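Here is a briefing for a reader who is new to this structure. Please look over the sequence and the model first, and then follow the topics below.

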Amino acid sequence: MKKLVNGMIVDMTADEIAVRQSEELAWSNGAFDRAMQDLRDERNFKLAETDYLALSDNTMSSEMTTYRQNLRDITNGLTTVEEVEAVVFPTKPEENE
């Protein structure tokens, strides 16, 4: 492996290579957690968009209740980055105000 030092390309030492490989492995191992966090962030945003419909002085339609439950359940059973990336969010029903 090479690195750039003062404008010159030089070989990395064995210790530097080991550290770099360790960093790359740690990044790779965290891919699933990062993908799940991104999915949860988007899910939470979609839930927040309809939170006002869940207030005690409002009656939610069964379609909206199902939509919100599907959002809450969207992370269930996911075990790989590929599964997370393949998630399709449910379609938000029309709001009856």
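For the chain, the mean pLDDT is 91, and 98% of the residues reach 70 or more. This is a predicted model, in which local features need pLDDT of at least 70 and side-chain atom pairs count only at pLDDT 80 or more, while totals for chains, interfaces and linings use all residues. Residues are numbered from 1 along each chain as its sequence is written, and side-chain values use heavy atoms, with hydrogens and water left out. The helices (H or I, at least four residues) and strands (E, at least two) are DSSP runs, numbered from the N terminus.

**The hairpin**

- Strand β1 (residues 2-5) pairs with strand β2 (residues 8-11) in the antiparallel sense, over four bridges; two strands pair if DSSP finds at least two bridges between them.
- Within this pairing, lysine 2 stands opposite aspartate 11 in β2, and valine 5 stands opposite methionine 8 in β2.
- The hairpin of β1 and β2 has two residues between the strands, and asparagine 6 has its place in the loop there, between β1 and β2.
- Asparagine 6 has a phi near 50 degrees, which is a positive value in a residue other than glycine.
- With a relative accessibility of 78%, asparagine 6 counts as exposed, on a scale where buried means under 20% relative accessible area, exposed over 50%, and partly exposed in between (1.4 Å probe, protein chains only).

**Salt bridges**

- Side chains of opposite charge can pair when their charged atoms come close.
- A salt bridge is a side-chain nitrogen of Lys or Arg within 4 Å of a carboxyl oxygen of Asp or Glu, and by this rule the count comes to five salt bridges.
- Lysine 2 and aspartate 11, which stand opposite each other, also form a salt bridge whose closest N and O atoms are 2.6 Å apart, and both lysine 2 and aspartate 11 are exposed.
- The side chains of lysine 3 and glutamate 16 meet in a salt bridge as well, at 2.4 Å from N to O.
- Because lysine 3 lies in strand β1 and glutamate 16 in helix α1, this pair ties together parts that are 13 residues apart in sequence.
- Lysine 3 is partly exposed, with a relative accessible area of 28%, and glutamate 16 is also partly exposed, with a relative accessible area of 26%.
- Arg20, Glu23 and Glu24 are linked in a network of salt bridges.

**Arginine 68 and its partners**

- Arginine 68 is found in helix α3, and at 8% relative accessibility this residue counts as buried.
- Aspartate 51 forms a salt bridge with arginine 68, with the closest N and O atoms 3.3 Å apart.
- Since aspartate 51 lies in the loop between α2 and α3 (62-73) and arginine 68 in helix α3, the pair ties together parts that are 17 residues apart in sequence.
- Aspartate 51 is partly exposed, with a relative accessible area of 38%.
- The side chain of arginine 68 also makes a polar contact with the side chain of threonine 50, at 2.7 Å; a polar contact is a pair of N or O atoms within 3.5 Å, where within protein one must be able to donate a hydrogen and the other to accept it, and residues adjacent in sequence count only if both atoms are side-chain atoms.

**Charges over rings**

- A charge sits over a ring if NZ of Lys or CZ of Arg is within 6 Å of the ring centre and within 35 degrees of the ring normal.
- The charged end of arginine 34 sits over the ring of tryptophan 27, 3.5 Å from its centre.
- The charged end of lysine 46 sits over the ring of phenylalanine 89, 5.3 Å from its centre.

**A distance along the model**

- Lysine 3 and methionine 60 are 57 residues apart along the chain, and their C-alpha atoms are separated by 59 Å.

Note on methods
pLDDT = per-residue confidence, 0-100.
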